[in-house]
Amino acid sequence: ARKQFFVQLKTHTKRYGIATLLLFLSSVAWLYGRLTLFQLVDIEGQPLWRPIFIAGNTLFETAHGLSYIFGFGLLFQKVPLLTAVFSKAGKLALTNYISQSLMAVLIFYGYGLGYYGPLKPTVLIGLSFLIFGVNVVFSSIYLRFNRMGPLETLWRKLIRYQ
């Protein structure tokens, strides 16, 4: 924020778009190519390669994360509706985090529905969107009547008394 990153993102959209694409493609190429690269080298026999591979992983995973930051930043600049929707969920970040965790525990663990193993990845992705969607709707409704979320309010009260 101090470096005015999102202001620069707005004024240099093309530059950041190209950077996003390059970061994303290079990191995906690494993710898919690293297994082949790992098989070409005997890490046990040549331990010098281990820190090189760790550094490569760190570098390209960071590039992957940056591509998401740039990409979502560009997307939010172009589609203001997304900013409006996600900002409401962001104002209740702690409440949403805890409620998502509780919903997931009740869905996946044995004292809930116990669906930890049997669900397919596509169902899990849909379920995660559903859970987040519930939180977005809850956040939107809740913020019509309150300035901040219930756990955020509790957190502020607890901090004041210490």
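Buried means under 20% relative accessible area, exposed over 50%, and partly exposed in between, with a 1.4 Å probe and protein chains only. The model is predicted: local features need pLDDT of at least 70, side-chain atom pairs count only at pLDDT 80 or more, and totals for chains, interfaces and linings use all residues. Residues are numbered from 1 along each chain as its sequence is written, and side-chain values use heavy atoms, without hydrogens and water.

**Exercise 1.** Find which residues of α6 are buried and which helices they pack against.

Solution. Step 1: the buried residues in α6 are Leu 127, Ile 131, Asn 135, Val 136, Ser 139 and Leu 143. Step 2: the buried residues of α6 pack against α4 (80–91) and α5 (93–108), where contact means heavy atoms within 4.5 Å.

**Exercise 2.** Describe how α4 and α6 pack.

Solution. Step 1: the axes, lines fitted to C-alpha atoms over the stretch in contact, are 8 Å apart at an angle of about 80 degrees. Step 2: α4 is therefore roughly perpendicular to α6 (65 to 115 degrees). Step 3: Val 85, Phe 86, Lys 88, Ala 89 and Lys 91 in α4 meet Phe 132, Val 136, Ser 139, Ser 140 and Leu 143 in α6.

**Exercise 3.** Classify the ring pair of Trp 30 and Phe 60.

Solution. Step 1: rings pair if their centres lie within 6.5 Å, and planes under 30 degrees apart count as stacked. Step 2: the centres of Trp 30 and Phe 60 are 5.1 Å apart and the planes at 15 degrees, so the pair is stacked. Step 3: Trp 30, at 13% relative accessibility, is buried, whereas Phe 60, at 23%, is partly exposed.

Key. Helices (H or I, at least four residues) and strands (E, at least two) are DSSP runs, numbered from the N terminus. Axes are lines fitted to C-alpha atoms, for helices over the stretch in contact, and angles run from 0 to 180 degrees between N-to-C directions. Angles under 35 degrees count as roughly parallel, over 145 as roughly antiparallel, 65 to 115 as roughly perpendicular and the rest as oblique. Rings of Phe, Tyr and Trp (its six-membered ring) pair if their centres lie within 6.5 Å; planes under 30 degrees apart count as stacked, over 60 as edge-to-face and the rest as tilted.
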